Amino acid sequence: VDVLRLGYRLGRDPRITTHLALVGRALGADRFLLAGDEDPKMFENLESVADRFGGGMETEHVHAPMGWLRRFVEEDAGDGSPGIAVHLTMYGEPFREAIPRIRRDRPMVIVVGGAKVPGDVYKHCQYNVAVGNQPHSEVAALALFLDAWYGESGSNRSFDDARLIIQPTANGKRVRDLDREEE
Ligand code: SAM
């Protein structure tokens with residue numbers, strides 16, 4: 001599962017877009033694709049989280065997102081065959097009704113917008129789905145969609161390559177630091 005964020009603007013969007021990528025990583029996406037401005041620093045921050053907490057997520061800048069999307073759904077989703085594109089938009093059909101119809105045996109890209117989404121996105125994506133028909137946030141929309149897509153297992157992920165492991169506790173913070181335990 002890839003997440004493609006369109007229309008990224010340096011200066012305005014780094015914090016919310018970092019959150020979008022972190023939600024993707026924590027809830028089951030494998031790759032984070034960014035279109036719009038390039039931001040190597042944000043990618044470094046994401047790598048640093050993955051370094052400590054495991055679960056590395058591939059990051060990539062996409063220069064021509066409409067061409068990329070058209071190729072993904074019509075030609076090659078990375079394995080030589082077409083994939084599935086799901087656009088999260090408040091104008092779409094209810095996500096819980098769409099999910100059972102979306103095939104699970106193909107690579108999928110979840111497309112989210114920023115301030116303005118080009119009309120072509122609606123044409124290229126096989127599914128335009130809404131997480132409620134009110135305007136809110138790409139972060140919330142992605143979280144709810146991934147939760148419904150994966151079910152409970154999605155948000156209960158642990159990563160084998162983690163160096164810091166959080167021990168759930170009702171009070172305070174408990175974190176195992178594997179590097180220190182090895183010293
Ligand atoms: N007016 C904008 C538009 O063109 O859709 C809304 C921008 S909104 C701040 C940024 C992104 O959040 C949208 O492109 C969409 O991906 C996501 N989003 C916001 N509300 C949503 C909803 N109710 N359902 C699904 N996605 C939503």
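A polar backbone atom of Gly132 lies 2.9 Å from a nitrogen atom of the ligand, a polar contact being a pair of N or O atoms within 3.5 Å. A nitrogen atom of the ligand is also 3.1 Å from a backbone N or O atom of His136, and for a backbone N or O atom of Thr89 the distance to a ligand nitrogen is 3.4 Å. The ligand taken alone exposes 560 Å², of which the protein buries 83% (Shrake-Rupley areas, 1.4 Å probe).

This is a predicted model, in which local features need pLDDT of at least 70 and side-chain atom pairs count only at pLDDT 80 or more, whereas totals for chains, interfaces and linings use all residues. Residues are numbered from 1 along each chain as its sequence is written, and side-chain values use heavy atoms, with hydrogens and water left out.

## The shell around the ligand

Of the 18 residues around the ligand, those that come nearest are Leu88, Val131, Gly132, Gln134 and His136 (near: a heavy atom within 4 Å). Strand 4 (84-94), strand 6 (127-130) and helix 6 (138-150) each give two or more residues to this shell, and strand 4 supplies the largest share, 3 residues. Helices are DSSP runs of H or I with at least four residues, and strands are runs of E with at least two.

By class, the shell divides into 10 nonpolar, 7 polar and 1 charged residues, with Gly counted as polar.

## Packing of helix 1 and helix 2

Helix 1 (residues 14-27) packs against helix 2 (residues 40-53) at an angle of about 35°, their axes lying 10 Å apart; axes are lines fitted to C-alpha atoms over the stretch in contact, and angles run from 0 to 180 degrees between N-to-C directions. The contact (heavy atoms within 4.5 Å) involves Pro14, Thr17, Thr18, Ala21, Leu22 and Arg25 of helix 1, together with Met42, Leu46, Val49, Ala50 and Phe53 of helix 2.

Notes: Polar contact = N/O pair within 3.5 Å; in protein donor to acceptor, adjacent residues only side chain to side chain.
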